[in-house]
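Please open the model in a viewer and keep the selection panel at hand.

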Amino acid sequence: DLPDAPRPDEETPAPVRYWDLAAETAKVTVSADRAERGEELIARMQEAVRLSLFSDVPVGIALSGGLDSAVLLALVDRAQPDAGKIEAFSFDFDDEKYSERPWVEAMATHTGHRASFRTVSPDDFVTGAASLVTQQQEPHAGAPIIAYSQLFETIRSHGVIVVMDGSGIDEGLAGYDRFRPVLWADLRARGEHDRLAAELAAANV
C-alpha cells in the first residue's frame, strides 16, 4: 500500500489522499442490458480518444490489421473528422504470410487517412535485439517489440511526436481467436442461440 501523495495546501504541505480505487469502483454501476453496456463502453473509449487528441504536437496512429486498430481508427474519425490531421503508420513484412498491409490499407482508404509503412526485415530482428534488451533493461516479450521499435523510428522521422495505438482493445473486445470459445460458452449460457450460430458460422466452425 503506497503512502498518500503529498499535495501543498495553504499552510503546510501534508499528505492528502486524492483518489481511492475501491471508492471509485464502488460508484460504478453496470447495466444488466447488453445494449446499454455496449453504448457505455463505446462512450468511455470515445472520451479517452478525445482526450488523447489534445496535443500541441503532431499526433499519429499506429495500425495493425486487427479489431483493435479498426475500433481505434473509427473512434479517432468520430473525434477528428479531418483525416488529414492524423497520419496512420504500420509495419510490414516482405513475407505475405505475416503481412497485414492489405487490411491496414483498406482501413486507411476507407477513412481517408494517409498510411505510411516500415518494412521490417529478418536482419532488423537480429541487429535490433541486443539494443532493445539494453533499452528495456529486461528481455522483451517477442518479435513485435522489435518491429514496433523500427516503426517508431519511422514515425519520428515524419515529425510525429504522439502516437496512439490499439494495445489492450483486443483483450477488452475479445479480438483474438483464443477468446472465441469463451464468447461461445457465454452466448450458450445466456440462451442466445441465433447469435451463437452466427458466431460459429463466421468462425467456420
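The second largest pocket has a volume of about 510 Å³, the volume being the space filled by probe spheres set on grid points joined across faces, edges and corners. A pocket here is an open set of points on a 1 Å grid over the protein atoms alone, where a 1.4 Å probe fits, with protein on both sides within 12 Å along at least five of seven lines; lining residues have an atom within 4 Å of a point. The model is predicted: local features need pLDDT of at least 70, side-chain atom pairs count only at pLDDT 80 or more, and totals for chains, interfaces and linings use all residues. Residues are numbered from 1 along each chain as its sequence is written, and side-chain values use heavy atoms, without hydrogens and water.

Select Ser-64, Asp-68, Phe-91, Glu-100 and Tyr-148, which lie nearest the centre of this second pocket among its 22 lining residues. Next, display H3, strand S4 (87-92), helix H6 (143-157) and helix H7 (169-172), each of which supplies at least two lining residues. H3 provides the largest share, three residues.

Now move to the largest pocket, which holds about 1,000 Å³ of space. Its lining comprises 34 residues, and those closest to the centre are Leu-41, Gly-172, Leu-173, Ala-174 and Arg-195. Show helix H2 (34-52), helix H3 (67-79), helix H8 (180-190) and helix H9 (193-202), each contributing at least two residues to this lining; helices (H or I, at least four residues) and strands (E, at least two) are DSSP runs, numbered from the N terminus. H2 gives the most, with nine residues.
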